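Subject: Structure for your review

Dear colleague,

Please read the notes beside the coordinates.

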Amino acid sequence: RAKDTASSTQQVVEKFGMWYTPAVVLLAALIAFIQHDFGQFLVIVVAGCPCAILAAAPFVHAATLAVLAQRHRLLIKDLATLEALARMRWLGIDKTGTITKGAPAVQAAAIIPGAFEKRLLRPWRSFRGSAEAIACGSQERSSAPVSLIDGDSCEKVVADDAQACFWWLLGAVESASDHPVAKCISAHIRSMAHLPPVSPPSNFEYLSGLGMRCVVDQLDGIQVRLGNLRLCREDDAAAPIEDVAAERDLLKWVYTMQDLGSTVVLLQAEGSLLGAAALRDPVREDAAEVVRLLSQYYGLEVWMCTGDNNATAHHIAREVGIHNVVGEAMPSTKRECVQSLQRPDASKGGGSGPRRVCFIGDGINDSLALSQADVGLAIGVGAQVAVEAADVALVRSELMECVNFISLSKQAFYTICLNFFWAFCFNFVCLPLAAGMAYPTVHIPPLTAGIGMACSSCLVVLTSLSLKFHRARKAPITAAPRRWKGSDPEERAPLNAIPRTVTSKPSTIGRRDLEAAIEPR
């Protein structure tokens, strides 16, 4: 579709040509009439031909589109995107699937066996028996380490059944979602043998930026919610907590994993926390190099907007060298972040005009920001709604291609300016000479004017074709991928370092009060 559009520069040049060409013809006719020389009319018309001027931008656009499609597997919807990106100074970028690989892995989990025993173990054992699963729960354990919150006071059979119920319930809820985190958890559950078959829940509701809620019919129709900490605060923030000590220890575990850069999802049933799973999405190998090139070489101010928690967002940002971070961002928050970057700088009196902002994302949560940005760039296959909302779609899921696109757009804009320089120099130098302003010192015959016009057009074509030799940057080759603390089983979060409280009396303290009492690092 881009080849059928016109950039702002091309539109201006076409308007210029609408009055320039008739003006040259009238000037040539007037001079030829005064001098009674028809040959002079031909010389002026040929010397003033705007072929090179009108072809300066289209030739560059054609060469750029060919390079983008053939070499970089990159598609754009509008040619105006090239010029807008060439003058871009602010860039927003998503985390999951963009800075990270979008393939998280389950690192660890923590559950409250007592909460499972009160609410879920009876229907779970009944369902497991009807599904003809094995009776030994120890064989149903996950490969990821599981921390038992307040587990010293429960029997081993209860702890094993609680673990099996926790993993199966996670798989059942996530089976109805196509989020990268859901796909990761579902794959992890499938690797665990002898669990009852997972079936999608009923009354499934996706809560954008928060998580999901549903009803699990296999467990007596229990209402389950799965998502981040904000989802826990949504409905039951002031509801009384039965086991304050256990939930306090679970929240401590959550904050510990978030400080290590993990994404944590919490499982709730009937308003009570049951457990949490920590996932780590590895950072792309070229992410730090891409951020360095964008900020230092191209002078862009890079902002990271992510729906993940602030602790995880800042941990990943420090790892790749981003200084501006917006965490716990809803889709509307990402759009507001782009809008705030687009506002003129108040310190300069707003005289600089609106800022041009580019946003890079891959998921459905980024669609609003992609459509709001001056240039929206969808990386990889991504979500279909994100591709539709973006101005540019990268077929390859490689972050370095974003740098190549920005580099090529800047080179294309420079080439357009160079073409205009050569074209205008020829026309505004040769046209007065052809009109006889330097006669008889300088006289241009018709053949010389035709050769000069052809050389001017050929120079524009050759300059545009030089974009074919644009050198794409490659991802840095490192001896070993960067490792994060907690990437090996021996270096994972100190799961056993959390203080254990046997039990506590029922209290009317709410979850919001409990979270306020815990000071995250």
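Which residues in α12 meet which residues in α17? E289, V290, L293 and L294 of α12 are in contact with M400, V403 and I406 of α17, where contact means heavy atoms within 4.5 Å.

Before going further, please note that this is a predicted model, in which local features need pLDDT of at least 70 and side-chain atom pairs count only at pLDDT 80 or more, while totals for chains, interfaces and linings use all residues. Residues are numbered from 1 along each chain as its sequence is written, and side-chain values use heavy atoms, with hydrogens and water left out.

Helix pairs

Two packed helices are described by the angle between their axes and the distance between the axes. Helices (H or I, at least four residues) and strands (E, at least two) are DSSP runs, numbered from the N terminus, and axes are lines fitted to C-alpha atoms, for helices over the stretch in contact, with angles running from 0 to 180 degrees between N-to-C directions.

For α12 (residues 287-297) and α17 (residues 400-434), the axes come within 9 Å and cross at roughly 20 degrees, which makes α12 roughly parallel to α17 (the term covers angles under 35 degrees). By class, their contact has 6 nonpolar, no polar and 1 charged residues, with Ala, Val, Leu, Ile, Met, Phe, Trp, Tyr, Cys and Pro counted as nonpolar, Asp, Glu, Lys and Arg as charged, and the others, Gly among them, as polar.

The axes of α3 (residues 51-70) and α18 (residues 446-465) likewise come within 9 Å and cross at roughly 20 degrees, so α3 is roughly parallel to α18. Here C51, A52, A55, A56, F59, V60 and A63 of α3 touch S456, S457, V460, V461 and S464 of α18, a contact with 9 nonpolar, 3 polar and no charged residues.

The sheet

An open sheet of mixed pairing is formed by 7 strands in the order β4-β3-β9-β8-β7-β6-β5, where two strands pair if DSSP finds at least two bridges between them. Because β4 (146-148) and β5 (202-207) stand at the edges with a single partner strand each, one side of each has no neighbour in the sheet. From one strand to the next, the twist averages 15 degrees.

Within this sheet, β8 (residues 263-269) and β9 (residues 272-280) run antiparallel and are joined by 7 bridges; A269 has S272 in β9 as its bridge partner.

Best regards

How values were computed: Angles under 35 degrees count as roughly parallel, over 145 as roughly antiparallel, 65 to 115 as roughly perpendicular and the rest as oblique.
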